[in-house]
Amino acid sequence: KVFDTSFTADLTVLEECTEFLGRLQTGERLPQFTSCCPGWVKYAEQYCPEMLPHLSTCRSPQQMFGSLAKRYYAKELGISPDKLKVVSIMPCTAKKFEAARPEFTTEGSADVDLVLTTQELAQMIEEAGLVFAELDDDSLDMPFGFTSGAGVIFGVTGGVAEAALRAAYEMVTKDEMGPLNFQQVRGFSGLKAAAVEIGDTTVRVAVVHGLANAKQLLEDIKSGKAQYDLVEVMACPGGCIGGAGQPVDKTGEAKSKRAQGIYRADKGQQLRRSTDNPLIARVYEKWLEAPNSEAAHEALHTHYNERRRIASKGIDFVSEQAPDQKLEVAVCVGTCCYTKGSYEVLQDLAGRIEAAGIGDQVSLKATFCFENCAGAANVQIGDKMVSEVTPRKSAALFMEIMNQLQVRGKAEDLA
């Protein structure tokens, strides 16, 4: 059987909207952050666990699909969950990690057994000698093969927020919206914001893509500089269309065309709101009772855990120097850099700085992420980015620090 994960994107909209409207009514745990991007969820678990209560508890569409398949569809087929194999085709490498999370299992069987990226599937198609131009079109299978336009636009930055707003408006006002396109949350700006009137309430929405933009937004929210009710975060630039499992887009033109294709597909759908998908209504009727019900929570929601790798972001040296007068040295400890030894580099530099007695002149900290994973590991010294760093290059990095402090002679002695 070939199904469409956009079906469970529609399901995600109903669950997430119901959860959000409940929080909006009570004023608790706002802003609510989306949780369908596993790269963003893992970032939050590692680097800002204090914000985890603000994430939606909804599983991603991939994991909602796997749960439905193993919990309910397998029973309809008369087989045990471990005999039903779910293989996802995804634009995202983080989906492989997500599928392996221990909380996503049914009776000891992983809800999603295997994840292939779009690039991996394309390679398999090529190796098999298939020529798409010579193949006949076919329809997706039921019962998970029908989606609304809202489910389709999940793949582009701003799409989750737009799908949620379409549903929230109808759920609150009981009326159909006029124009369904929310242009305010579309496009490739690092941060997009909108204030949307839903009944008597103004909902403040923010959309970010790329973890550097997410980090800045989090800092603004925590400092009180920015205030929002609903925040969509996608780790990859452009959203899933720019996922690490997609064919590489070096110019940005491909992502733009992919976005246009998604919005065309949305416009061409007969139904464009998740609330209008009749098969979603059937799923609730047969299996889940209602959005956010006990059955829905058990099958479609999850929890998060702190995953800090290091105890703190900064290394404190005794100093009378004002922080803004120090030379800033930032070592990336994101996944790619961490696996290349960046944490060992951080520790080594800390020892060298302390031994040299220049802690009053240097601010050393761990950070995430410079979005230069191809050059991992990365270290920023003042305004200079140093890439392809290894623990063996710590001495050279330390010399660069001394150079920027204009004490080159002392650096050579210490190195």
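**Close-up 1. Aromatic pairs in the predicted model, with phenylalanine 65 and phenylalanine 144 as the example.** A search of the whole structure, which is a predicted model, finds 12 aromatic pairs. In one of these, the ring centres of phenylalanine 65 and phenylalanine 144 lie 5.3 Å apart and the ring planes meet at 75°, so the pair is classed as edge-to-face. The pair links distant parts of the chain, since phenylalanine 65 belongs to helix H3 (residues 61–77), whereas phenylalanine 144, 79 residues away, sits in the loop between helix H5 (118–128) and helix H6 (149–152).

**Close-up 2. Charged side chains over aromatic rings.** Lysine 42 lies over the face of phenylalanine 97, at 5.4 Å from the ring centre, while arginine 186 lies over the face of tyrosine 263, at 3.8 Å from the ring centre.

Close-up 3. After H8 comes glycine 224, whose phi is positive, near 90°.

**Close-up 4. Alanine 214 within helix H8.** Alanine 214 is placed in helix H8 and has a relative accessibility of 2%, which is why it counts as buried. Leaving aside neighbours within four places in sequence, alanine 214 is in contact with Val208 and Val233. The C-alpha atoms of alanine 214 and glutamate 197, which are 17 residues apart along the chain, are separated by 25 Å.

**Close-up 5. The open four-stranded sheet.** Four strands form an open sheet in the order E1-E8-E7-E6, with mixed pairing; E1 and E6 are the edge strands, each pairing on one side only. Strands E6 and E7 run antiparallel and are joined by eight bridges, and leucine 191 has valine 208 as its bridge partner in E7.

**Close-up 6. Strand E2 and its parallel partner E5.** Strand E2 (residues 87–90) has a covered face made of Ser88 and Met90 and an uncovered face made of Val87 and Ile89. Four bridges connect E2 with strand E5 (residues 114–117), and the two strands run parallel. On the uncovered face, valine 87 has leucine 114 of E5 as its bridge partner.

How values were computed. Residues numbered from 1 in each chain as written. Predicted model: local features only at pLDDT ≥ 70, side-chain atom pairs only at ≥ 80, totals over all residues. Heavy atoms only, no water. Buried < 20%, exposed > 50% of the residue type's maximum accessible area, 1.4 Å probe, protein only. Pairing = 2+ DSSP bridges. Contact = heavy atoms within 4.5 Å. Phe/Tyr/Trp six-rings, centres within 6.5 Å; stacked < 30°, edge-to-face > 60°. Lys NZ or Arg CZ within 6 Å of the ring centre and 35° of its normal.
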